[in-house]
Amino acid sequence: SNITRDPGHWSTSASYCFHAADTQSGIHTVEVYYDDQFHALTQEEPGVYRFTADANGSYQIIVTDLIGNKTTVNVSEALIDQQAPEISQVAPQQTWDPEKNTVQITVTDDHELVSVVITDASGQPWPLTRENDTFSSEITSNGEYTVTATDRAGNSSSVNFTVQHIDTTAPTKPVLSSSANEKWVNVDVSLTANSTDTQSGIAAYWYTNQECPFDKATWKKMDLENGAGSLQLSEEQDLTYYVVAEDSVGRISETAAISVSIDKTAPSDVSLAYGTGEGSGYLRTVNGNFIYNDLVSFTAAAKDTASGVVKYEYRITGEQKDTGWIPLSAGEEGIAPVVADLPDGIYSIYVCVTDQAGNCSGEYTLTSSGTAVKFILENTPAADAERSGAPAVSMVTSEGVYTDAWTAQTVTVNVAGSSAISGIEYYEYCIDYTDPTLQDIAWTKVPVSDGKFTFDIDSDTNAVYAFRAVTYAGNQSRQISRIVKVQKTSPNAA
């Protein structure tokens, strides 16, 4: 009698307590059978017995008195549960999120599930929501977690899982590189951006050429390939580009900056002028050409509104010498070289101007009415022996070529020719009379007509005539002397 079960609900085993008594002959045996097999029991005190049921089914209690009378009681056990809950699915979110990870867990139990708990490595529990057999939890930290399910009988099962799709860090500050190997270039420029993100990965690179906070409404995307950003620039510019990296959850890196300077336009307004001031070597201009003595000077200038002028080159060419291109560093103010050590000759000056991007103006020379303006250099000789050749002098009379013999004929003198780079401006002559009573005639200038001059000696004379040419550069030729003896007056009779 008084059969009780402890506990009174689902359990992994149950303890049954019962009383057995016989008021006449007394109790001989008390036995318990399960599945026709003897089942252990204990006597706690006289008349009080206990056995443990560890499986569902029918338990048979048989009490026998001393004379063989038996009482049999069947106990039906149906609340034994030794099967732990089944955690059939633990599914952390596999897409990246900047703040949380939603874990989906499916737990089933054949009888009565009483709790499902998620704990982190420190034992801290995380809240769960339930819908039928599905449990959900929003976890806000990456790490190792354990889900434990327990049923009414106390059976439990656990599954460990890892949360790793919460992106907690922004990409690294982009490393920017440029295809330009100088500050200024005259070609298209490619910009490359490289950043790293060990969590959700790089999703985009954004750029602007305005110094301002990041804003998707105003910044533009770079091309993205294999985790790197690229941008092609072709327009002329001198700008700073600002670049950020964005990862897959929208976290933004620090801003990186790089300068781009493209100048595809050559220097303009190239000018060239021959020097005419003091110390320039300038003498005069004849027939549009500038004449210099011993040295030549000039000035050159240009404008470049983008990268700026960085180099001038000049070249002096003529039949006597070609200097080749000579570079001079300068800025917008231009250059003013003085060139010496050139041989006599007729020359042209060419100038080429280059800006910092490498654009060249091309060859430029001074022109007038479409014709190149040249300069003539005629050096001053150091000694008379080095002067240019003397002019050619011829003398004739009506009888033919005159020599230095006495003649009664008029002597016609023709002076012409002389090697001179700058040309003959005029001739000079002087007369040295053999008669000391006569006044010698100093050097006298005579005009040139078609490169020569002619005069007649038609009076009595006995003298040395000297002739020389003077060039436009002011240099005198070697002189040439001729003896002239003319007597047209009859002798006196005494």
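A salt bridge is a side-chain nitrogen of Lys or Arg within 4 Å of a carboxyl oxygen of Asp or Glu. In this predicted model, E112 and R152 meet that definition, with their closest N and O atoms 3.1 Å apart. E112 sits in the loop between β10 (101–108) and β11 (113–120), and R152 in the loop between β15 (143–151) and β16 (156–163), so the pair ties together parts that are 40 residues apart in sequence. Both partners are partly exposed. E112 has a relative accessible area of 31%. The value for R152 is 39%.

The structure holds 10 salt bridges. Another of them joins E77 and R5, whose closest N and O atoms are 2.8 Å apart. E77 belongs to strand β8 (residues 70–77) and R5 to strand β1 (residues 4–6), so this pair ties together parts that are 72 residues apart in sequence. E77 has a relative accessible area of 3% and is therefore buried. A further salt bridge links the side chains of R50 and E44, at 2.3 Å from N to O. R50 is partly exposed, with a relative accessible area of 25%. E44 is also partly exposed, at 43% relative accessibility. Side chains of opposite charge can pair when their charged atoms come close.

The sheet comes next. An open sheet is formed by 4 strands in the order β9-β10-β14-β13, with antiparallel pairing. Strands β9 (86–91) and β13 (129–131) stand at its edges. Each has a single partner strand, so one side of each is left without a neighbour in the sheet. From one strand to the next, the twist averages 20°. The partner of β13 is strand β14 (residues 134–139), and the two pair in the antiparallel sense over 3 bridges. Within this pairing, T129 stands opposite S136 in β14.

A disulfide is a covalent bond between the sulfur atoms of two cysteines. A search of the whole structure finds 1 disulfide. C352 and C360 form this bond, with their sulfur atoms 2.3 Å apart. The torsion about the S-S bond of C352 and C360 is about -95°, so the disulfide is left-handed. C352 counts as buried, at 7% relative accessibility. C360 counts as partly exposed, at 38%. C17 is buried, because its relative accessible area of 10% falls under the 20% cut-off. C212 is partly exposed, with a relative accessible area of 33%.

Technical notes:
Residues numbered from 1 in each chain as written. Predicted model: local features only at pLDDT ≥ 70, side-chain atom pairs only at ≥ 80, totals over all residues. Heavy atoms only, no water. Pairing = 2+ DSSP bridges. Axes fitted to C-alpha atoms, helices over the stretch in contact; angles between N-to-C directions. Disulfide = S-S within 2.5 Å. Buried < 20%, exposed > 50% of the residue type's maximum accessible area, 1.4 Å probe, protein only.
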